[in-house]
Number of protein chains: 2
Amino acid sequence: MAPENLYDQITAIAKRRGYYWPSFEIYGGLSGFVTYGDLGTKLKRNIEESWREHFTRRQGFLEIEAPLINPEIVFKASGHLENFKEYSAECTKCGRSFRADHLIEDKTDLENVEAMGGEAIRNLLKEHKIKCPRCGGQLQEPVLFLTMFKTEIGATGGETGYARPETAQGMFTNYKRGYLHAREKLPFAIAQKGKVLRNEISPRRGMTRLREFTILELELFFDPQNPKCPWLNEVKNEKIKLYTEKMLETGTAEPLDITIEEAVKQGHILTEWQGYFMGVSQQFIDHLGIPKDRQRFRAHLTEERAHYSDQTYDHEVKLTDWGWLEVSGCAYRTDFDLKSHQEGSGKDMTALREDGTRYTPHVVEPSYGLDRLFYVTLENSYKRNGKRNIFHLPRDLAPIQISVFPLVNRDYLPEKAKEIHKQLLDAGLYAFYDQGGSVGRRYARSDEAGTPIAVTIDYETIEENTVTLRDRDSWTQVRTKVKDLPELLQKYFKYKAEFPELGTPLEN
Amino acid sequence: MAPENLYDQITAIAKRRGYYWPSFEIYGGLSGFVTYGDLGTKLKRNIEESWREHFTRRQGFLEIEAPLINPEIVFKASGHLENFKEYSAECTKCGRSFRADHLIEDKTDLENVEAMGGEAIRNLLKEHKIKCPRCGGQLQEPVLFLTMFKTEIGATGGETGYARPETAQGMFTNYKRGYLHAREKLPFAIAQKGKVLRNEISPRRGMTRLREFTILELELFFDPQNPKCPWLNEVKNEKIKLYTEKMLETGTAEPLDITIEEAVKQGHILTEWQGYFMGVSQQFIDHLGIPKDRQRFRAHLTEERAHYSDQTYDHEVKLTDWGWLEVSGCAYRTDFDLKSHQEGSGKDMTALREDGTRYTPHVVEPSYGLDRLFYVTLENSYKRNGKRNIFHLPRDLAPIQISVFPLVNRDYLPEKAKEIHKQLLDAGLYAFYDQGGSVGRRYARSDEAGTPIAVTIDYETIEENTVTLRDRDSWTQVRTKVKDLPELLQKYFKYKAEFPELGTPLEN
């Protein structure tokens, strides 16, 4: 197995097994679009639920669902119409367009060329004599290209609209509703999960740069005069690997190994709320199965930060092929957005203190790309054991919980297996019945689907009403009474039992 | 309470409590777009999960997630580019556009004017001297308007794309992947939940006609030579109210009161698969709390049916203000779609029989508008009791499961209540802690949020470690030990206990 093409390997399995594949295959494909199959859709939904578990349910934060299409005025006020642009260079020969900064990064050792600005990009293209990567043709001078999808709303006399490139404006434009539903008490937060669209000029690297993807976002509103986070204690001892802005500027190679508490105290993290969410973020990414040595937090440099941010830390996960990938950004957006919309709409976007003074709340935003979380979860869970592909997915994320199969397809074993399968369905479990091929093939399929438990029905099942349970990770087996099965498995999938506790161990 | 404006009443509560409200309020609004608040987002997600429970998990059907934006070629092949149009009439004075058929329906007793065609629509507008409903101006001749949102994908030299107006093309263009994942065995099904966009000319009636909404759709692929549904037995005795095409043509007033089995036998329903899904559909809508006497199935007339359909039955729910509303369509799409995409793409879209012959599968499609399901669920659950607004939502759909409050805000009761609240959160329950206003206000808020159980912490809690549980529907109360609470409530929310079983009844 050559590690340099792990992405391709996983993508090949993903296509075959129905995790994901490139969209519009029968029409020759269209880059930047992906389709999730049955296993992928379920895994993605389970990751989404885990995000909710970490970021909203326990805290009692609000969740909303706002439209994907927004009238132009929203993005004028937010600054996107002015700022959501990239330098695009068109080939004079084949007519294709490319992101100028990516062309430069591909040809040089430079990183983060985007942040260098238009003048530098133009000069670097010339300096390195960069040509069209497809046909070798001459490139035109790069021009700024608005990377939002544009459309018209309504028939004649309608108005211009854009697909949102992030979900955050939904929380800001609805801030006042959230404020009322939180009974005019800060801090409160509004979360949103939703599709976003970015008209990337030349998307590449498959799952990590899509034109259509899903965001999990949360806006925490607080009073800058009262910036305490009441839950900081719950994560204060989380040890994180941190690259501060200063460390990046001075080229420090090794990250700080520091607790959240210390990082806030020492001023590396500007607000307690960022500290809290970065701690929760590490717990969340841990829960997806990503080891701590493949996680780090990296500050944005001043020139790299979005137009609204005073400090942003990316939570990055290390991929085998491509190195560090941003899966999340935790941004201190200050009062930029509420002030922008107050100006744009003329509506009041403030909050009231008990002493009667009014203020514009400040905002901290932890934001996740769900498709990237999906991919890093899948890649990190993958192991090859001999000829076997195994996705060691955390048990509450596994698309299918239980495989059920008869040892052989005769002597009433399939009928008995179907009966047990039905009992598991009745218990609310995601169980998959399989009688295709040999029992070995069935185990192999089960492992490739990341299914934690396989239940085999054999001759003893008929005689003694017991079944064999096999653990995906250790391949060990236990024997259990059929009548105990639903309850035991329900416990197991709530992390209230470990595999050996599900029955009597068998010699393998 | 005047029944003629129940929609407005519910919408007022919905805004105040955070079920839903019109989008872009601070910018003056934009018709056809709605934002779901915290309660709405949770209720909507619970309805979606109930759909999955009824239509995919138990059957082992596949679910996918395909893109919202599609290249033009997809909708050319599907027929949408040609057919997804409405007659639009523009006012010569104010420039606004309106759906011509709706203008006629508003001014006459005519129904389903859309199906009459362009010539009839033009004549009826003249005949009834219909003017602009906004300014009274003269209307231009109506013209066909493509009601898909259009955009450009990529920078210069990019291609035209459209937002999907339904999710079905995702299943058809990915049919071959589904076929492989179903191991080349029919019947199999692919389901999809997703956002869709329709550029409605003049949307009205709020939640029931949106420009951006969510669809729950399923495509069942079967061999027309083997059209049996193995699960028909499970729903054969469901009694439905049925208006067949013939009954509509002859103007029969009363629907057939008939079982699914008989309706299929007598040929009123063309395929067993439609029969099966219509039976499941009634069980699903029952589960949302809609009484049977507010449900019916109505056939589409030939001229009303979409370009792909041989027979469609709408599942309709009766609203108080607006009469019967389509929440679902169950369409027999034949082999139209797969043949269209085979022609459009040049790729094989057939299946193989055991005897070696190839065929194009036929398709039956049950399709739901989730936003409409949401609204009918909310409206049907609403009752007013004195001054109290109560949403009697089914317990597995309720956005918040449990309210927790101290009887008074002193003597350690809030601390004790927070402790119990945390125990319920730890048990994975959606619990909401409330110490605002009087205990009466807290009960009122709990009822308005549709929360099934309220837990009150009082002086006996401190002394005897018991709490009062109150049922939202009957307002009866029981007393329970704190230590039993999490387990009892988990049982209750799995429909494994009824309210009185949660403790010792109290006199009210």
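Student: Which residue of chain B comes closest to the rotation axis?

Tutor: In general, two copies of a chain are related by a rotation about an axis and a shift along it. Here the residue of chain B that comes closest to the axis is T151(B), whose C-alpha lies at 2.6 Å. Please note that this is a predicted model, in which local features need pLDDT of at least 70 and side-chain atom pairs count only at pLDDT 80 or more, while totals for chains, interfaces and linings use all residues. Residues are numbered from 1 along each chain as its sequence is written, chains are lettered from A and ligands numbered from 1 in the order in which they are written, and side-chain values use heavy atoms, with hydrogens and water left out.

Student: What rotation and what shift superpose chain B on chain A?

Tutor: Superposition is by least squares on the C-alpha atoms of residues with pLDDT of at least 70 in both copies. A rotation of 180° with a shift of 0.0 Å along the axis places chain B on chain A, with an RMSD of 0.0 Å. The two copies are therefore related as by a two-fold rotation axis.

Student: How many residues of each chain are in contact?

Tutor: Contact means heavy atoms within 4.5 Å. By this rule, 84 residues of chain B touch 83 residues of chain A. Because 99% of the interface residues of chain B are also interface residues in chain A, the copies meet through the same surface.

Student: How many salt bridges are counted between chain B and chain A?

Tutor: A salt bridge is a side-chain nitrogen of Lys or Arg within 4 Å of a carboxyl oxygen of Asp or Glu. The count between the two chains is 14. One of these joins E49(B) to R45(A), with the closest N and O atoms 3.7 Å apart. Helix α2 of chain B (residues 38-57) gives the most to the side of chain B that touches chain A, namely nine residues; a helix is a DSSP run of H or I of at least four residues, and a strand a run of E of at least two, both numbered from the N terminus.

Student: Which strands pair with strand β15 of chain A?

Tutor: Two strands pair if DSSP finds at least two bridges between them. Strand β14 (residues 295-299) is joined to β15(A) by five bridges and runs antiparallel to it; F297(A) has H315(A) as its bridge partner. Strand β16 (residues 323-334) also pairs with β15(A) in the antiparallel sense, over nine bridges. β15(A) and β16(A) form a hairpin with three residues between them, and L319(A) stands opposite G323(A).
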